[in-house]
Structure formats: structure tokens, C-alpha cells
Amino acid sequence: MQTNLPAIVQSDGTILLEVDNPDYENARDIIMRFSDLVKSPEYVHTYRLSVLSLWNAASCGFSPDEVIEGLSRYSRYPLPQNIAVYVRDTMETFGILKLTRKGDLFVLHSSDEFIMEEIRRSDKMAPHIQEITGKDSMIIRPYSRGLVKQILIKMGYPCEDLAGYTEGDPLDISLRNKAMSGKEFGLRPYQRAARDAFWAGGSVRGGSGVVVLPCGAGKTIVGLGVMEQVAAQTLILTTNIVALRQWIAEILDKSDLSPDMVKEYSGEKKDVGPVTVTTYQILTYRKRGTEEFPHFSLFDERNWGLIIYDEVHLLPAPVFRITADLQARRRLGLTATLVREDGREDDVFSLIGPKKFDKPWKELEAQNWIATAHCHEIRVDFDQAHRLEYHTAGERDKYRIAATNPAKYDLVKEIVEHHKDDQILVLGQYIDQLEDISRILDAPMIYGQTPNSVREELYAKFRSGEVKALVVSKVANFAVDLPDASVAIQVSGTFGSRQEEAQRLGRILRPKPQGESAVFYSLVTRNTKDQDFSQKRQLFLTEQGYKYTIWESQNFLEAWKRGQ
């Protein structure tokens with residue numbers, strides 16, 4: 001036993017990591033590559049090895065020996081023997097099944113004839129098997145490529161898809177050395193590494209998968225780099241019309257494509273071109289009472305060679321369905337987090353592809369690619385009337401009452417006044433709460449009903465500094481480029497959404513002109529469901545190395561007065 005090491009690896013797959021240990025950060029940076037963070041109180045964080053976390057590690061090139069060595073290096077006690085076996089058994093199942101193409105036939109191979117026999121006997125697989133060709137192989141029906149991969153991963157056997165891709169119609173695209181805006185432009189080293197990991201030299205081992213990078217690290221630029229490599233007509237799926245137009249602006253600014261080559265397909269325009277940018281919302285639109293998604297026809301409008309899924313962790317279920325039919329197209333997923341609140345990470349893995357590249361947030365911060373961020377959780381109390389309302393409310397209403405505690409308003413005013421020279425975002429979930437804050441601060445507000453033209457005008461004024469504070473609902477969580485934002489005040493969130501916390505912090509992580517730090521404040525009502533959900537939301541960022549300083553509101557204000 002080495003009592004000075006930070007980790008305790010237990011036989012049930014949990015890993016306890018001591019925060020107050022000199023090797024904590026080194027151990028965390030290794031462990032997070034192949035495990036999931038479960039909880040992160042003050043002194044001991046809990047991780048868990050999972051099948052999907054180990055498969056993603058395998059897809060990124062980690063070997064079982066490297067995972068076992070990483071665990072052993074930081075483990076206070078000898079690694080349980082069953083954990084070493086679990087790691088090997090799990091990681092070795094990645095690629096035990098391979099899907100290849102022989103002429104027009106899709107052939108599923110396995111190096112284990114017993115697994116192949118299990119697959120043959122599966123009722124779910126039966127409709128998709130065209131022909132049994134031997135103990136170790138079978139022919140899959142052409143239209144079943146995606147569905148088969150979904151079935152197999154749920155059986156515990158991720159399939160390595162080596163069947164190749166339709167090249168798609170060509171696209172003559174080159175990235176500029178100097179953007180149209182006049183700034184020098186080029187892919188950063190980690191952006192090139194992400195592009196190359198996805199492309200894999202143009203082989204069948206590349207061309208589908210997910211790139212994981214922090215907000216503000218330039219995932220759009222990785223997408224542009226991949227477009228240049230693939231050199232084929234491209235369909236880009238985004239979260240909203242603001243993100244759609246930001247993609248178009250980036251493409252036109254940093255590539256040699258002309259405006260007539262890049263088209264918008266949205267609720268406002270229905271243009272299709274060699275590069276078409278659309279939204280998940282328009283794709284999943286359908287008339288009430290009908291089963292059809294009329295805009296799914298966009299996937300067949302062109303011979304696409306590449307489909308880019310922006311914020312892939314938000315991919316809606318109907319798009320999973322159509323993606324199952326698009327396995328012959330190269331598919332790039334971009335995201336800051338693989339966490340999905342609906343638990344469908346395995347569908348992203350099987351249909352978009354495994355994780356091809358990720359980069360720890362703190363590593364990019366240390367290299368000054370994203371801003372240094374300081375996170376604070378400030379706890380406020382109820383007054384007597386609201387405390388009574390909370391404790392007598394039903395379970396469904398308790399979080400709303402706690403999250404919209406009016407005692408937060410004075411604290412928001414104090415924070416905004418303290419940061420009056422900074423660009424500030426106030427972020428929340430409840431519209432009536434945001435309306436109150438907007439009125440108190442005399443600051444404009446953007447929410448779901450705000451027309452797109454007004455949103456874009458307000459975002460432009462915020463970028464120029466004409467508007468110093470902007471009150472925004474969850475519509476601004478994703479893919480909104482506000483590079484000068486340096487302070488975020490979260491007054492309420494979507495229950496325990498880890499992805500939302502990451503996205504909201506990401507709004508302020510773009511590097512600042514003078515290297516200034518970013519500050520993230522989360523206001524919560526003490527000893528309520530608001531505080532409970534806040535702790536769950538913080539999980540992902542804690543895994544990335546961010547620490548929340550916990551304050552009682554009075555202590556926080558007094559510390560400011562003392563200049564701390």
C-alpha cells in the first residue's frame with residue numbers, strides 16, 4: 001500500500017479520487033479519459049468505469065494495458081484483479097465485430113464464432129440478415145447498416161464499421177491564410193490533430209466519429225478543416241438559426257467558397273446548395289397528427305459526401321432515425337460533452353461514430369487557447385414567506401420556487417455593478433424570473449419568442465459593447481458566438497443538466513484580448529432542490545478540472561468589500 005497516492009480503485013468499478021493530494025490533477029487527467037465522473041463533493045470525487053467509457057478510450061487508441069497501467073500508477077492499493085479483467089474484456093470487444101464491404105454486399109465478420117452464433121439467434125437481428133456465409137460471417141441487408149450497429153451495441157458488441165463511404169459530389173474548397181475579416185487564419189495544432197484523427201488519411205477507419213472540444217476552442221474551425229479534407233458537398237446540422245448563420249459567416253470568412261455556394265435551409269429560407277446549413281428544429285418539424293417529417297427530404301436533395309452534426313449531444317431522436325439510413329455518408333459530430341441527459345450516448349457512438357479526439361479543458365486553458373475561468377456558487381436564503389411556500393409545495397413545484405427565489409435579485413444587481421466594465425450574460429430557465437431581472441437591470445432580454453432579427457441585432461450590440469449586459473434564456477446555451485463575454489451569472493438552470501452547465505460556462509471561455517479571466521457565478525437557494533440540482537450540474541465541469549468556490553451570499557459581499 002502506498003498511502004501517498006490519490007486513488008482507490010474498488011472491485012465494483014468505482015474509483016475514489018482524493019482532491020487534496022499532490023498527484024490529484026495528474027491522476028484526474030488520466031482517469032477521466034476512460035471513466036465517468038459520478039459525484040464531486042469537496043474532498044473525494046467518485047468515478048466509475050463503464051462499458052461505453054472504455055469503448056471510447058479504445059476508439060481513441062488507448063490499449064487495455066495503458067488503462068490498467070494508469071489505474072495502477074495512482075492507486076493507493078493493489079488494483080483488484082477483477083478490474084483488470086473487466087477492462088481487458090470490455091476493451092477487447094471493441095472491434096471484435098467488423099462490417100466490411102465486398103462489391104455491393106455488406107459483410108459482418110467476427111473473430112469469435114460463439115458471438116456470431118448469438119447474433120444469428122437474435123430475434124432483433126433476424127430481419128436484417130440477408131445470408132449466413134459461414135461460422136464467422138454473414139451478409140447484412142444494405143438498408144440495415146445503421147440499425148444493425150444499434151442492435152449490436154445494445155447486445156454489448158460495438159461494431160467497427162469498415163464498409164467505407166459514398167464519396168459524394170465534389171466540392172472545391174480551400175481555407176484561407178488570411179480571413180476575409182483581415183485576420184491571419186490557420187488551424188491551431190489541436191484543431192489539426194482533431195481533423196486528422198477524424199480523417200485517418202482518408203481510410204475506412206476514419207470518416208465517422210465525434211470530436212470533443214470545449215466551447216470557445218473552435219469546433220467550427222475543425223469542421224471547416226474536415227470539409228477541406230473531404231472536399232465533398234456538405235450538409236451541416238445546427239441547433240438554431242443564430243448558430244446556422246454563424247456557421248455560414250465562418251465558412252464565407254475563412255474559406256474561398258462564394259455566397260452562392262453556401263445556402264440556408266431554415267424556417268425562413270429553403271435554399272439548397274453544395275454546402276447547406278440547416279437546424280434540428282426544421283428537420284424535426286411535422287404537422288400535428290402526422291407521422292411524416294417533410295424536411296427529411298433534405299438528406300436526399302444532394303449527393304452529400306459529409307454530414308456535420310453540431311452540438312451532437314443534442315441530436316433529437318427523429319434525426320437518429322434518419323441517421324441510421326445515412327451510414328454511407330461521412331459523419332462528423334462536434335460537441336463539448338458526450339453527456340446526453342436522455343442516456344442515448346450509445347446511439348451517438350453507433351450511428352455518428354466513436355469519439356475520435358478530445359482535449360482536456362484545463363490543458364487548453366494552460367496553453368491560453370481558452371480563457372482561465374473562476375467558478376463561484378453563491379447560496380442565498382429564502383425570506384419567511386417564500387420558505388413557507390417552498391416547504392408546503394408539492395415535489396414538482398419545489399425546484400421552481402427555489403430557483404426563482406427573489407432574494408437572488410439584489411445579488412445579481414451587486415454582481416453586475418461590481419463588473420460594470422465587463423460584458424455580462426445573465427442566464428436562466430424561467431421567463432418570468434428573467435423578465436424581472438431584465439427590468440431591474442434595465443437590460444435587454446432574449447428568449448424563445450424573441451424574433452431572430454431582434455436576437456441578431458442584440459447579439460451584435462453586445463459584441464460591439466453598446467450593450468454591456470444581456471439577459472438570456474436557454475436559447476443562448478448553444479452555439480452563440482459572443483467572444484467578449486467575460487462574466488456569466490446563472491440564476492436558474494434546467495434541473496441537474498450537466499451539459500447545460502458546460503455550455504453556459506462555454507459562453508465566456510473565448511480567449512480575451514488582454515488575457516483576462518472569465519468569471520462564472522451560479523446563484524442557488526441554500527438547502528433546497530436548487531442546491532441539489534446545482535451540485536449535479538457541476539459534475540462535468542468538475543471532471544474538467546474546474547473548482548467552484550462556495551459562498552454564503554453575505555460572506556461573498558463582505559469579501560468583495562475587503563477587496564478579496
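I started at C375, which stands opposite Y548 in β23. Before going on, I noted that this is a predicted model, where local features need pLDDT of at least 70 and side-chain atom pairs count only at pLDDT 80 or more, while totals for chains, interfaces and linings use all residues. Residues are numbered from 1 along each chain as its sequence is written, and side-chain values use heavy atoms, with hydrogens and water left out.

**Entry 1: the parallel sheet**

Helices (H or I, at least four residues) and strands (E, at least two) are DSSP runs, numbered from the N terminus. Two strands pair if DSSP finds at least two bridges between them.

β17 covers residues 373–380 and runs parallel to β23, with five bridges joining the two. Further along, R379 has E552 of β23 as its bridge partner. With β22, β17 pairs in the parallel sense over eight bridges. There I found H374 opposite V519 of β22.

Then I wrote down the whole sheet: seven strands, open, in the order β19-β20-β18-β21-β22-β17-β23, with parallel pairing. Which strands stand at the edges? They are β19 (445–446) and β23 (548–552), and each has a single partner strand, so one side of each is left without a neighbour in the sheet. Helix α20 (residues 529–537) packs on this sheet and touches β17, β21 (485–490) and β22 (518–525). Contact here means heavy atoms within 4.5 Å. The direction of α20 makes about 145 degrees with that of β22. For such angles, axes are lines fitted to C-alpha atoms, for helices over the stretch in contact, and the angles run from 0 to 180 degrees between N-to-C directions.

I also asked how covered β17 is. Buried means under 20% relative accessible area, exposed over 50%, and partly exposed in between (1.4 Å probe, protein chains only). By that rule seven of the eight residues of β17 are buried.

**Entry 2: cysteines**

**Entry 3: antiparallel strands**

Next I went to β5 (residues 97–102) and β6 (residues 105–110), which pair in the antiparallel sense over six bridges. L99 has L108 in β6 as its bridge partner. The hairpin has two residues between the strands, and in it G103 takes a positive phi near 65 degrees. β6 also pairs with β8 (residues 137–140), again antiparallel, over four bridges. In that pairing F106 stands opposite I140 of β8.

**Entry 4: two helix pairs**

Two packed helices are described by the angle between their axes and the distance between the axes. I took α16 (residues 407–418) and α17 to begin with: their axes come within 11 Å and cross at roughly 45 degrees. That makes α16 oblique to α17. The cut-offs are under 35 degrees for roughly parallel, over 145 for roughly antiparallel, 65 to 115 for roughly perpendicular, and oblique for the rest. The crossing of α16 and α17 is right-handed. The contact uses K408, Y409, V412, K413 and V416 of α16 with Q433, D436, I437, I440 and L441 of α17.

The other pair is α8 and α9, with axes that come within 11 Å and cross at roughly 55 degrees. α8 is therefore oblique to α9. On the α8 side, T220, I221, G223 and L224 meet W247, E250, I251 and K254 of α9.

I also looked up A243, which lies in α9 (residues 241–254). A243 is buried, at 1% relative accessible area. Its C-alpha atom is 8.5 Å from that of T279, 36 residues apart along the chain.

Last, two loop residues. A231 has a positive phi of about 55 degrees although it is not a glycine. A231 is in the loop between α8 (219–230) and β11 (234–238). Is A231 buried, partly exposed or exposed? It is partly exposed, at 29%.

D442 also has a positive phi, near 55 degrees, and is a residue other than glycine. I found D442 in the loop between α17 (431–441) and β19. At 69% relative accessibility, D442 counts as exposed.

How values were computed. Left-handed = near helix turned anticlockwise from the far one by under 90°.
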